[in-house]
Amino acid sequence: MALEVLFVDDDPNVLQALRRMLRPMRMEWTMHFCSEAREALELLAQEAVDVVVSDMRMPGIDGAQFLLEVRKRHPDIIRIALSGYSEQDLVLCAVRAAHQYLAKPCDAEKLRSTIERVKSLRTLLDEKPLRALVSSVDTLPSLPALYQKIMEELESEDPSIKRVGEIIARDVAMTAKILQLVNSAFFGLSRHVSSPEQAVVLLGLNIIKTLVISTQIFTEFQARGLPPDRMDRLWTHSLNTAVCAKTVAQQAGADPIIVDDAFMAGMLHDVGKLVLWQALPDQVAEVDQRCEATGEPEWKSEHALVGTTHAELGAYLLGVWGLPDNIVEAVAFHHFPGRCPHREFIALTAVHAADVLTYAIHGGPPYQGPNLVDAAYLDQLQCLSRLKEWKSACSDALGGQ
């Protein structure tokens, strides 16, 4: 089925240029072109559009207002801002309205690959309601203690960019959001960045302060019926998995980029749980009860009760946010690395091993842990025999706990 893409720009020359530039895609995409937001909203009421690409500066309803209205009326649609960086206020407005930001002028290949990636991500979530659930997410809840720390640091008389980076690096939600901003060119920094500390330095303290205090890109987690220690356990496991994934990648002699991606993917591998906790707390409670009653893995209960797993939800979110493919892939397949077509040591390999080893070292519920290792996959990569060695190295990296 052809992808339905809507382009919105009040400049007829821009729309004409887009038509010419994307003409080779006419057999794969059904393209619509509108010159103002009201016309576009009317079209969306009639057509099942998959992706909206909008300019930010338009008369009447501007791009940010338009994209927010799209999110409200059609939450499953992927929203991409296509504009310049001449006025930072427009970019800041786009942070909460758009999934990704592309700079004008944008070459055909960059625009094509960004939209085609959306199409490939659809394989993770077949159901439109699930895509709508994830696509409507513009921020994720942070650990209350870390949220308070970041606010206190930024509101202090002499905030430190180093301390800000360290705080963000300890929080799953903040890390995901910051990496979205630097990997999706919101501030003209589109590049492969897998370190939140590096991302903070690239953005600069003034932009970070504006984003956090004024734009409110971070929010504080509200328990909503979940056990009070649930958040702390997720954060601890995420940090431990990140450390172990980095250790495993180093032990395997992986390329430094893979080592960095392994750490960040380990940090974010359970980010889909935040989506579930935020949107479907009642179903999460049912998942917990089912796991305790049946002894089945968490992913199996999620699939039975929600129709998907936290891995797929998290990967879809990070994918539409524009994070690097290596990280999205590791999050998507961390329970089933054998489903990934690649058969070499990658970030996914390290994250899968680390997730299992973290439970082996620290313990956990009986339905998690070493029994979930994909032995066939690791054996194909000649890594299965190294698990004992990796467990010892990971234990040392975690302080022998």
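## Pro-12 and helix H1

In this predicted model, Pro-12 belongs to helix H1, which covers residues 12–21. Its relative accessible area is 58%, and Pro-12 is therefore exposed, the cut-off being over 50%. Pro-12 and Cys-34 are separated by 22 residues in sequence, and their C-alpha atoms are 9.2 Å apart in space.

Glu-329 is part of helix H18 (residues 325–332). Glu-329 is buried and yet has no salt bridge. The nearest side chain of opposite charge belongs to Arg-343, at 8.8 Å. Leaving aside residues up to four places away in sequence, Glu-329 touches Cys-340, His-342, Ile-346 and Leu-348.

## Aromatic pairs

The count of aromatic pairs comes to five. One of them joins Phe-221 and Trp-277 in a tilted arrangement, with 5.9 Å between the centres and 55° between the planes. Phe-221 lies in the loop between strand S7 (219–220) and helix H12 (230–251), while Trp-277 lies in helix H14 (residues 271–279), so the pair ties together parts 56 residues apart in sequence. Phe-221 counts as buried at 11% relative accessibility, as does Trp-277 at 3%.

Phe-345 and Trp-390 form an edge-to-face pair, 6.3 Å centre to centre and with 80° between the planes. Phe-345 is in the loop between H18 and helix H19 (347–362) and Trp-390 is in helix H21 (residues 387–397), so this pair ties together parts 45 residues apart in sequence. Both Phe-345 and Trp-390 are buried.

## Charges over rings

Lys-177 lies over the face of Trp-321, 4.7 Å from the ring centre. The charged end of Arg-339 sits over the ring of Phe-336, at 3.9 Å from its centre.

Methods. Residues numbered from 1 in each chain as written. Predicted model: local features only at pLDDT ≥ 70, side-chain atom pairs only at ≥ 80, totals over all residues. Heavy atoms only, no water. Helix = DSSP H or I, 4+ residues; strand = E, 2+ residues; numbered from the N terminus. Buried < 20%, exposed > 50% of the residue type's maximum accessible area, 1.4 Å probe, protein only. Lys, Arg positive; Asp, Glu negative; His and termini not counted. Salt bridge = Lys/Arg side-chain N within 4 Å of Asp/Glu carboxyl O. Contact = heavy atoms within 4.5 Å. Phe/Tyr/Trp six-rings, centres within 6.5 Å; stacked < 30°, edge-to-face > 60°. Lys NZ or Arg CZ within 6 Å of the ring centre and 35° of its normal.
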